[in-house]
Amino acid sequence: MKKALSKKNLWDKTPPLLKSTLGRGLGLFPSRWLLGSSFRENCRFIRDAQWWPAELAREYQSNKLREILKLAYEKTRFYRRSFDSIGFHPDDLHSLEDMNQLRTIDKQVIIENLSDMCTKSVMVRDVEYGATAGTSGVPLRFYMNADRSEMEYSCLVASWERTGYELGMPMAVLRGRVVQPDRNGLRHEYDPILRHHYYSSFHMSDENMVRYLEHIATIGPCFLHVYPSTVTALARFMIRNDRQAPKNIQGIIAESEVVYPKQRRMVEEVFRCRLFSCYGQSEKVVLAAGCEKSDDYHVWPTYGYFELLDEDGNPVTTSGQRGEIVGTGFINAVMPFIRYRTGDWATYIGDCCEACGRGHTIIRDIRGHRTQEMLIATDGSEISWAALNMHDDTFIHVRQFQFMQEMPGQAVLRIVPANSFGDEDSRRIHHNLGRKLNGRLTFTIKLVEAIPLSARGKAIYVDQRIQRGKSVSLDSAGDV
Ligand SMILES: [Zn+2]
């Protein structure tokens, strides 16, 4: 991946040994100071923005939209063509509702028009490119400005502060970073500037999890920064072995995958602290962060313009109704994403949170809408993987599992067993899952030594090999 020479990238690339030597001195200063004055200014601005009254947020968003539409119209061939085709000029944007006139775009549009969507040459130092999973297995590539990290990190820090996190507190990070063993054989790396302790989420064996937990217990009051799947694996391991959570863990920040309600409850019970989550995408168009007083998410007004559209493309305005998250990002000036359909769906709750008093859009139950997360029943209907994710004792002696499907109505459940896995576990899994599946799908269990994670170390719950068009509906009846 092309990486620009930003301060953050240089630090990321510094070898671990040099980093810890350099950092021994630097670590004495607060991280806030080391990350620069514009970062501190951004943090202050973002912190204030979450309490803006709705009217101020709308005004800020209108100005930002005019800026990004103007840039897109003047500097890119794609948006000039697109706006001209409907007779729209950026000066025509008088209110947020005027955005409805513009066409939405999706991953396919970007794949087909990439070179026409950039506002400047991408061969310069301050541009980097990102990638994410696209449609039908084709990865989506795009460009963004390297200095966006500062704004992005400010938003994340301001979000995490809702849980009691303060910049400079140690974080135990289990999030897909490749971590080599240290001289004691522990897969651990330390970044003294950010005070992050990285552990390998690719090596979650029982033996390693014991060592991770023992090490975390020594790093002082800290937060866990994890994927929901990694913290669930830790929690299941602790239940299985009747282990207590280290008492110094103040909270859990679990991001980048869907958090299911029962999963949240189990993790919070085992760790005896709160699980907090933010929602965002690699394309960086919308950021929503958990509320400290409820399990809902609040959309950040300063990160992008958020819309929720139903299947016919109309705005969702009724509480409880679901829609697709569509975003216009404010922080990427290299390749504007305007009315970009993320492929993620959420339930609209309202525009003012009674629990905390913030006056921004509230959403709940955010789900990726990808075929990979679906199993196909005998009659061709879809079964959400969420419906089968058991958080009781069904998978208690299972380290990792994944469905593999090649034919509708049939699947293989691959299981990496824990040491204590036996026939009784197979029987319980068949019985408990069978009750949920209700004859729509049958499966066989196959014990395996390992299940590969995605390139970024996230769990892939369904290895779906049936080629289908766009998925059409979520089976929410089995929501867990
Ligand atoms: Zn709230």
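In the predicted model, His-298 is a buried residue, with a relative accessible area of 2%. Its NE2 atom is one of the donors to the zinc ion, the others being the SG atoms of Cys-291, Cys-353 and Cys-356. The angles among the 4 donor atoms run from 101 to 121 degrees, and the site is tetrahedral. Along the sequence, the donor residues follow the spacing C-x6-H-x54-C-x2-C. His-298 belongs to strand E11 (residues 297-299), whereas Cys-356 sits in the loop between strand E14 (340-350) and strand E15 (362-368); the pair therefore ties together parts that are 58 residues apart in sequence. Cys-356 has a relative accessibility of 14% and, because the cut-off for a buried residue is under 20%, Cys-356 also counts as buried.

Strand E14 contains Trp-345. The relative accessible area of Trp-345 is 12%, so this residue is buried. The C-alpha atom of Trp-345 is separated by 9.4 Å from that of Asp-310, a residue 35 positions away along the chain.

For the chain as a whole, 12 helices and 21 strands are assigned. Of its 480 residues, 54% count as buried. Among contacts in the chain with a separation of 6 or more, 67% are between residues 24 or more positions apart.

Several helix pairs were examined for packing. Two packed helices are described by the angle between their axes and the distance between the axes. For helix H4 (residues 37-49) and helix H8 (residues 148-160), the axes come within 9 Å and cross at roughly 50 degrees. This angle makes H4 oblique to H8, and the crossing is right-handed. On the H4 side, the contact involves Ser-38, Phe-39, Asn-42, Cys-43, Ile-46 and Arg-47. These meet Glu-150, Met-151, Tyr-153, Ser-154, Cys-155, Val-157 and Ala-158 in H8.

Helix H10 (residues 228-240) packs against helix H11 (residues 261-271) at an angle of about 55 degrees, and their axes are 10 Å apart. H10 is thus oblique to H11, which it passes in a left-handed crossing. The residues of H10 in this contact are Pro-228, Ser-229, Val-231, Thr-232, Leu-234, Ala-235, Met-238 and Ile-239. Their counterparts in H11 are Gln-263, Met-266, Val-267, Val-270 and Phe-271.

H10 also packs against H9, with an angle of about 95 degrees and axes 11 Å apart. An angle of 65 to 115 degrees counts as roughly perpendicular, and H9 and H10 are therefore roughly perpendicular to each other. Asp-206, Met-209, Val-210 and Leu-213 of H9 make this contact with Ala-233, Leu-234, Phe-237, Met-238 and Arg-240 of H10. Leu-234 and Met-238 of H10 take part in the contact with H9 and also in the contact with H11.

The loop between strand E5 (196-199) and helix H9 (206-216) contains Phe-202. This residue has a relative accessibility of 30% and so counts as partly exposed. Phe-202 and Pro-452 are 250 residues apart along the chain, with a separation of 8.7 Å between their C-alpha atoms.

Note on methods: Residues are numbered from 1 along each chain as its sequence is written. This is a predicted model: local features need pLDDT of at least 70, side-chain atom pairs count only at pLDDT 80 or more; totals for chains, interfaces and linings use all residues. Side-chain values use heavy atoms; hydrogens and water are left out. Helices (H or I, at least four residues) and strands (E, at least two) are DSSP runs, numbered from the N terminus. Buried means under 20% relative accessible area, exposed over 50%, partly exposed in between (1.4 Å probe, protein chains only). Donors are N, O and S atoms within 2.8 Å of the metal (3.2 Å for Na, K and Ca); water is not among the atoms, so sites may look incomplete. Four donors count as tetrahedral if all angles lie between 85 and 135 degrees; four count as square planar and six as octahedral if opposite donors are over 155 degrees apart and all others between 65 and 115; anything else is irregular. Axes are lines fitted to C-alpha atoms, for helices over the stretch in contact, and angles run from 0 to 180 degrees between N-to-C directions. Angles under 35 degrees count as roughly parallel, over 145 as roughly antiparallel, 65 to 115 as roughly perpendicular and the rest as oblique. A crossing is left-handed if the near helix is turned anticlockwise from the far one by less than a right angle, and right-handed if clockwise. Contact means heavy atoms within 4.5 Å.
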